[in-house]
Every structure is written in structure tokens, then in C-alpha cells.
Amino acid sequence: MLGLCCLRALSFQSSLFVHSISLSLSLSKPTLIPTTRASFSLLSSSMASEPPLLVLCGKSSEETQLASSLKNNNSLKLPDYAQILPRLQSEIESPGEADSFDVRSFLDSLSTTRFGRFLIWSPRLSSTHDVVSHNFGELPVGTVCVTDVQFKGRGRSTNVWDSPRGCLMYSFTVQMEDGRVVPLVQYVASLAITEAIKDLCTKKVLPMLDVRIKWPNDLYLNGLKVGGILCTSAFKSKKFNISVGIGLNVDNRQPTTCLNAVLQDTTSIACQLRKEDILASFFDKFEKFFDVFTSEGFQPLEELYYQTWLHSGQRVIVQDKCGDQLVDNVVTIQGLTSSGYLLALGGDGQMCELHPDGNRYIFTVSDELDKWLGSIGSCH
């Protein structure tokens, strides 16, 4: 019977690549440039130091009034800037760039009751995640921040990522009380984005884009990474304030591929997906999935999640270091544990839980899976 021990991944059949995850939810950054060996330079220091423009808008009159209040009181802050430039949508002319995010088109397409209804848009921003996480208390839950260009995205460890035009980059806020299930929010978001893309392809009668989930937080299409998810949380006033960031290659063929490139290569008919439609469809899906998740747990969503992820039945070779002896063990991935880690079956028929540790691909095996549930609540 295996006790607690560390396992290092030696190889992964079917190209399984496990990213780092921690109880604090500091997950690998949803980068649109999927190499982990290189960091990308920031824009010039002068550009990075310029006060960012934040355009505030809402779907309803109440949310529009909130936008006015935030602007007039200069309530929003960003850690890297001495000042910001908050503006109302009514004060801004139409974006000059043809591929800029169309705020009005998005809001007109949105049909949610909570998520995405209050929006912050910026043509160029250091990090959408910083906007929502550092202003969580000033913003209504469900607020989304979108930018056309992001130049200081956070990655795993100290990695820095440069996200080009054509990407859909956004972060939004969620709030929960049960810390044991907070790590599963990233799976709800992953499922919502894949289902949103499928739904749009069906509605627009386009070739189906089979975007798949690579555990724990990456999105793949035709074997190439096209996006990913970042979740961070802070515990305050007996609630978990969660910031969810998503990056998706929509209209940029480099450095890997994008949704519209695959569509164009699949059919001779001119067709493409719009960032505004994808985001509206995402929030429609996420709100429905999140309601199920908070009332019934993740189990009702598991079957659909397993149909979308890449890992069912994958055999993982790990190395068990016990004392001075190194022993190779082969386990087969079965699914997820109740705490959100990988559930695997060993060659001896014993079930175990696998999860990475930090920046190294280290796994810990536990025979008593329930014991980990108590530690999830300590995330902050």
C-alpha cells in the first residue's frame, strides 16, 4: 500500500503535459504563446508607464450609473500605474482599429443576469487580471475586463507573456463561500468556453471546431494550444473572491494557430467567429454551468467535461522515489477527484491522486483522498 511519496513524471503517452497547480489557485497563465521555455519582452518602458485608458460600460441603466460613479470618484486603481484614465463608453469615439473589441455588439448579444453585464474595455493593458483582482471590492461580481493587446500577462512562476492582437483576452470575477470546491471553478470555465465555441459553430452553420481541454487549464485545437485559463483567489469576509482569466486565439495565426485559421482551412466558404460573439456565448454557458455547480456540485458536469478533455484512459509513467530506490510505476488516468486533481488507477488496482508541485512536474500520491478536502479551504 503506497503512503505519501513524491513522483516525477518521466514520460506521458498521448503527449500529456501537466502544468503546475497549487491550493492557492495560482495556476499557469492563460497564454496565447504556448512555449514554457521562453519569456517575451514587454513593450517599451514609456508605453508601459502611460496611464491606461479604461472604458466603463454596463448593459442596464443601473450598471451604466455605476460606471459613472466609478469614473467620477476615480475608484479604480492599478498597482503599476500612478493614475489611470477612466472614461464612459459614451465619451469614446468608435475604436480606430478594425479588430478592436466592439463593446456595444457584445452587450447587445449578452443574455445573462449576472456575468458580463458590467464591462471594462481597454485598447492596451498590462493585465486584465490585475484590473479585476485589484478592484474586486469596487466592482459587481461578474464584471469582465477585456483588452485588445496585453503586454504583462502572468505565467507559471515568473514567466511573462506578450499577447498579440487577434486574441480574445479577458478576466472576470466570481465569488464563492465553499473553499473546498473553489479549485474546480477553472474546470467550469474550461467547459463553458469549449461549449460556447461549439454552440456558435452550430448556430452559424460552420464546421465544428473541436476545442479540447488539457488538464488543468489549457485549450487545444488540432493538437495545438489555442488558449488557457488562470484562476486566482483571495479570502475576505468569509468569502472567496475569485478572478478568472481566459486567453483564446481567435484571429491570430501566429505563433500556433487560431479558431478562424482552422475554419478558413476547413472550408472554402468565407466564415469566421467574432470575439464579441464568443464572449457573449461564453457567459451564457458559464452562468448556466455555474448555477449547476454551486447548487449540485461538479458531478452533473463531469460527463460533459470528460467528453471534452484529452486524458481519459491515458497511461502515465511516474517514478516513485522511496529511500534510495527509484521505481517506475504506470498508472492510468480515470478522471478527477472531488478536490479537482487527477484520479489514477495503478497497476496493482489501487486508486491514487496525482497533482503537480510548484514549477517541477512532481506528483504526490495519497491513498486517503478525503484528507485533501480539508486543506482546499485554506486557499487564499
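Start with the aromatic rings: a search of the whole structure, which is a predicted model, turns up 23 aromatic pairs. Select phenylalanine 293 and phenylalanine 298 to see one of them: the ring centres are 6.4 Å apart and the planes sit at 85°, so this pair is edge-to-face. Both phenylalanine 293 and phenylalanine 298 are buried.

Next, go to asparagine 135, in the loop between α4 (128–134) and β5 (144–154). Its relative accessibility is 3%, so asparagine 135 counts as buried. Now show lysine 77 as well: its backbone nitrogen lies 2.8 Å from a polar atom of the asparagine 135 side chain. Setting aside neighbours within four places in sequence, asparagine 135 is in contact with Ser75, Leu76, Lys77 and Asp130.

Last stop: threonine 128, which is found in helix α4. With a relative accessibility of 1%, threonine 128 counts as buried. Which residues does threonine 128 contact, leaving aside neighbours within four places in sequence? Select Cys145, Val146, Thr147, Gln150, Met169, Tyr170 and Ser171 to see them. Then draw a C-alpha to C-alpha distance from threonine 128 to methionine 169: they are 41 residues apart in sequence and 7.5 Å apart in space.

Conventions. Residues are numbered from 1 along each chain as its sequence is written. This is a predicted model: local features need pLDDT of at least 70, side-chain atom pairs count only at pLDDT 80 or more; totals for chains, interfaces and linings use all residues. Side-chain values use heavy atoms; hydrogens and water are left out. Rings of Phe, Tyr and Trp (its six-membered ring) pair if their centres lie within 6.5 Å; planes under 30 degrees apart count as stacked, over 60 as edge-to-face and the rest as tilted. Buried means under 20% relative accessible area, exposed over 50%, partly exposed in between (1.4 Å probe, protein chains only). Helices (H or I, at least four residues) and strands (E, at least two) are DSSP runs, numbered from the N terminus. A polar contact is a pair of N or O atoms within 3.5 Å; within protein, one must be able to donate a hydrogen and the other to accept it, and residues adjacent in sequence count only if both atoms are side-chain atoms. Contact means heavy atoms within 4.5 Å.
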